[in-house]
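User: Could you walk me through the side-chain contacts in this one? I'm new to it.

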Amino acid sequence: MNNKFSEELFLTNETGRMLYHRYAEPLPIIDYHCHLQPAEIVENREFEDLGEMWLRGDHYKWRCMRTFGIDEKYITGDASYYEKYMAFAKILPQLAGNPIYIWCALELKRYFDIDEPLTAKNAQAIYDRTKALIREKHMTRRWCMEHSNVRLVSTTEDPIDDLHDHIALQKEAMSTRVITAFRPDKAMFCALPTFAEYLQKLSAAAQMPVDSFASMLSALESRLQYFQKVTGTTVSDDGIPFFTWADYTTSLRWGACTTATATSCSCTSAPIWTPTGARSRLSASRPALTASTIRRR
């Protein structure tokens, strides 16, 4: 039985192989969402080992490890990357059928020319081999992007970020373009106890007072323009776990949140964010969204 990994795993006929190798395989990667930190790209430091490559910031692997009851010490705790890697290697065979299993096999094949399945039995041998290759090829974040033909990658930053790492990257000669994605999650949950403090930081970053819902939108729009100016981005990456809404009238639309100094407010429904000049037209033409209309949609 052949248990070696092949990139043609899901290519079951000649037509599929021809389409993949002729058209799909040469295409560059346009990555609008990743777990890279811009500071790590700027630093361009060599990876310590496969444990760092896989487990430094991949919350999908973390979730799998927690599912199998692995102690948090070996996930996000103070264990070494070697120890974290060995803990992950023990559960990887049980992830067969999960995309993470295929991704790991693909990375071992493409970066290290290893086509045997990773298990607890061969984990040490594969660790030693990959660590030697990391040193030999000087594998860094940039090396991985270049090796994978990544044409564009987008990190995610909060609106208050000054983007100093991205400013530094704009001066670098890289084959991969690095942009930022605007991630205003913290401005969307006014019931959180940290909301007032966040608005103060947003006000400072935008250099304008934020004392109403409308002025908060103006500050966010100002920061979005700054993001576009620094990296040319037009990308927003929003992590919103749930939406809260309530019935409202047009008169309440812009006055639901009247203060930015309280730790909570009654702002439970926000209009779609549109360019300033379009807001009056939107208010006059767009029907109100209510709980019942949302359910129907």
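Analyst: Let me start with a term: rings of Phe, Tyr and Trp (its six-membered ring) pair if their centres lie within 6.5 Å, with planes under 30 degrees apart counted as stacked, over 60 as edge-to-face and the rest as tilted. This is a predicted model, in which local features need pLDDT of at least 70 and side-chain atom pairs count only at pLDDT 80 or more, while totals for chains, interfaces and linings use all residues. Residues are numbered from 1 along each chain as its sequence is written, and side-chain values use heavy atoms, with hydrogens and water left out.

User: OK, how many aromatic pairs does the structure hold?

Analyst: There are 6 aromatic pairs in the structure. In one of them, Tyr 82 and Tyr 127 sit edge-to-face, 4.8 Å centre to centre and with 70° between the planes.

User: Where in the chain are Tyr 82 and Tyr 127?

Analyst: Tyr 82 lies in helix α5 (residues 81–91) and Tyr 127 in helix α7 (residues 123–137), so the pair links distant parts of the chain, 45 residues apart. Helices here are DSSP runs (H or I, at least four residues), as are strands (E, at least two), and both are numbered from the N terminus. Tyr 82 and Tyr 127 also belong, with Tyr 85, to one aromatic cluster.

User: And is Tyr 127 buried or exposed?

Analyst: Tyr 127 counts as buried, at 8% relative accessibility, while Tyr 82 is partly exposed at 30%. Buried means under 20% relative accessible area, exposed over 50% and partly exposed in between, using a 1.4 Å probe and protein chains only.

User: Switching topic, how many salt bridges are there?

Analyst: The structure holds 16 salt bridges, each being a side-chain nitrogen of Lys or Arg within 4 Å of a carboxyl oxygen of Asp or Glu. Among them is the one between Arg 56 and Glu 40, whose closest N and O atoms are 2.5 Å apart. That pair links distant parts of the chain, with Arg 56 in the loop between α3 (50–55) and α4 (59–67) and Glu 40 in helix α2 (residues 38–43), 16 residues apart.

User: Which residues are linked with Arg 56 in a network of salt bridges?

Analyst: The network links Arg 56 with Glu 40, Glu 43, Arg 45, Glu 52 and Arg 141.

User: What about Lys 61, which residue does its side chain meet?

Analyst: Lys 61 meets Asp 58 in a salt bridge of 2.7 Å, N to O. Lys 61 is buried at 5% relative accessibility, and Asp 58 is buried at 17%.
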